[in-house]
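The sequence and structure are shown first.

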Amino acid sequence: MSNQGIHIQVSELNKSFGTEQVLTDLDLTAKQGEFISIVGRSGCGKSTFLRLLAGLEKPTTGEILIGDEKIVGIRNEVRVMFQEARLLPWLTVLENVVVGLSKTKQKKDKKELRALAAEMLEQVGLKGKENEWPSVLSGGQKQRVALARALISKPKLLLLDEPLGALDAFTRLEMHQLIQKLWKEQGFTAFLVTHDVSEAIALADRVVLLERGNIAMDLTVPMERPRGRDDHDVTELEQKVIDRVMQKT
Ligand SMILES: Nc1ncnc2c1ncn2[C@@H]1O[C@H](COP(=O)(O)OP(=O)(O)OP(=O)(O)O)[C@@H](O)[C@H]1O
């Protein structure tokens, strides 16, 4: 592992939109290279939290430290993957991956950049698709390109906002394996927002349940990887989270 993950410290984070308080005094720490899943009912503030980590939103009060620095806007060492792959249709698959590099790096030798992007595409299982247009790819392949684009710059923090939500069950399982493999190899710190509690448990070191803008549960997942969604320990933890969510209805 190249161990380039980074420590994250969230302190007394508050976020409001007008009169709506979405996050309230939220405190959370992620260790270097830790994988944290965020779950919770629709509208509880999961995406807002991720957008704050990405520097796409500003806290109303409170702060987020990435390493020793306060997040005040988007940063090169942070990459985000969304539910839609958001590829640029006028660029080839390979060129879409190059876009993930910082502007300074994009000024490098073209040949070197293309080699780097081709290597990244091979890592996500898309060797041979370099010169295709995004429009001919399946949903799963598009997300693989998005993952390659996110990881080509070797980010210290990867934010995943329900990136597998639109994929079929089999493609989803393949993506789980791929994300785990690349996380192990690159060592980045990761936050995954998902509606799928067993997915959250299968992938993460910790599962954080958000409720009414705060942390209702912070569960460590102790089982060895790889974990199957139907493993006894996984379904047991899943039930624990679901019970907690349902008790609040
Ligand atoms: N830019 C914005 N302006 C105004 N309100 C917003 C904005 N972004 C989010 N909200 C509100 O904040 C609340 C939390 O939204 P958020 O998208 O973070 O929830 P979520 O838990 O990710 O939901 P879902 O699971 O449905 O994606 C919602 O009530 C939403 O309407």
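Strand S6 (residues 78–81) pairs with S7 in the parallel sense over four bridges; strands count as paired if DSSP finds at least two bridges between them. The model is predicted, with local features requiring pLDDT of at least 70 and side-chain atom pairs pLDDT 80 or more, while totals for chains, interfaces and linings use all residues. Residue numbers start from 1 along each chain as its sequence is written. Helices (H or I, at least four residues) and strands (E, at least two) are DSSP runs, numbered from the N terminus.

| Strand pair | Sense | Bridges |
|---|---|---|
| S6 and S7 | parallel | four bridges |
| S7 and S8 (residues 189–193) | parallel | five bridges |

Leu157 of S7 is the bridge partner of Val78, and Thr189 in S8 is the bridge partner of Leu157.

Strand S7 (residues 157–161) is largely enclosed by the rest of the structure because five of its five residues are buried, that is, 20 or more other C-beta atoms, placed from the backbone, lie within 10 Å of a residue's own. Leu157, Leu159 and Asp161 are buried on one side, and Leu158 and Leu160 on the other.

S7, H6 and S8 form a right-handed β-α-β unit: with the strands pointing away from the viewer, the path from the first strand over the helix to the second runs clockwise.

An automatic or database assignment gives domain 1 (1–77 + 157–249) and domain 2 (89–154). Their contact takes 12 residues from domain 1 and 12 residues from domain 2, counting C-beta atoms, placed from the backbone, within 7 Å. Helix H6 (residues 169–186) gives the most to the domain 1 side, with six residues.

How values were computed:
Two residues are in contact if their C-beta atoms, placed from the backbone, lie within 7 Å. A residue is buried if 20 or more other C-beta atoms lie within 10 Å of its own, exposed if 12 or fewer, and partly exposed in between; C-beta atoms are placed from the backbone.
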